[in-house]
Amino acid sequence: MSWKDFIKQQQTMAYYQALQTFLQEQHASGKNIYPPEPLVFNAFDLTPLEDVKVVILGQDPYHGEGQAHGLSFSVPEGIKIPPSLRNIYKELSTSVDNYKIPESGNLEHWAKQGVLLLNAVLTVEQAAPGCHANKGWEIFTDNVIREINNTRSGVIFLLWGSYAHKKGRLIDQSKHRVLISTHPSPLSAYRGFFGCQHFSQVNDILAERGEPLIIW
């Protein structure tokens, strides 16, 4: 099944129709909803199901103007790099040989190499983080993880922070690899994210299998 087929299937379900009604009401009332509608499924457009090697799970999109573009932790070109992504870059610089911290926060090049940058909730209202939680997106993204779990093998899941850890119950660890750490946010990065070496571990696992490494 392709992501397009998967999304069509979800759209027939009652939870998704209720979610769509909620989003339509939000737009109709003039609220600024991020990311822009064409980018809500950007992660799925850039990383086809059959190409998924790694899943990095975020919580909900950035809620500032111009920040969200449908990829967890990523921002478009020209947008200031957010604190969590700065910490991700910092960890990369200490764990991946010759890594040079980029000036851009755009992670599309990861997505195109098979890194699914998935937020648990795919929309947010401007300046109101978490306000689209418990509206149906979590069911959708749980089903995304189930689809990967059931149809693929050997996918490496990076679960950062307690919110992401809960998704671990959906993953068959006899089929897939799960790497767990604290969240890269400034509040928790020093409690285990720094030094987790997840990025070098991912490439070690891929190297063992003779698969192309991720160029972080």
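Two strands count as paired if DSSP finds at least two bridges between them. I keep that in mind while going through this predicted model.

**Entry 1, the sheet**

I looked up the strand order to begin with. It is an open sheet of four strands, S3-S2-S5-S6, paired in parallel. Which strands stand at the edges? Strand S3 (115–119) and strand S6 (177–181) do; each has a single partner strand, so one side of each is left without a neighbour in the sheet. I also noted the twist, which averages 20° from one strand to the next.

**Entry 2, going across pair by pair**

S2, residues 54–58, pairs with S3 over five bridges, in the parallel sense. Here I found Val-54 opposite Val-115 of S3.

Next came S2 and S5. How many bridges join them? I get three, with the strands running parallel.

I wanted to know about S5 (residues 156–160): buried or exposed? It is mostly covered, with five of its five residues buried. I reminded myself that side chains in a regular strand alternate between the two faces of the sheet. In S5, Ile-156, Leu-158 and Trp-160 are on one side, Phe-157 and Leu-159 are on the other, and all are buried. Both faces of this strand are covered, then.

Two packed helices are described by the angle between their axes and the distance between the axes, and I took down both. Helix H2 (residues 14–28) and helix H6 (residues 137–151) have axes that come within 9 Å and cross at roughly 135°. H2 and H6 are therefore oblique to each other. The crossing of H2 past H6 is left-handed.

Which residues make the contact? From H2 I listed Tyr-15, Tyr-16, Leu-19 and Leu-23, and from H6 Trp-137, Ile-139, Phe-140 and Asn-143. I sorted the residues of this contact by type: seven are nonpolar, one is polar and none is charged.

Key. Residues numbered from 1 in each chain as written. Predicted model: local features only at pLDDT ≥ 70, side-chain atom pairs only at ≥ 80, totals over all residues. Heavy atoms only, no water. Axes fitted to C-alpha atoms, helices over the stretch in contact; angles between N-to-C directions. Buried < 20%, exposed > 50% of the residue type's maximum accessible area, 1.4 Å probe, protein only. Parallel < 35°, antiparallel > 145°, perpendicular 65-115°, else oblique. Left-handed = near helix turned anticlockwise from the far one by under 90°. Contact = heavy atoms within 4.5 Å. Nonpolar A, V, L, I, M, F, W, Y, C, P; charged D, E, K, R; others polar.
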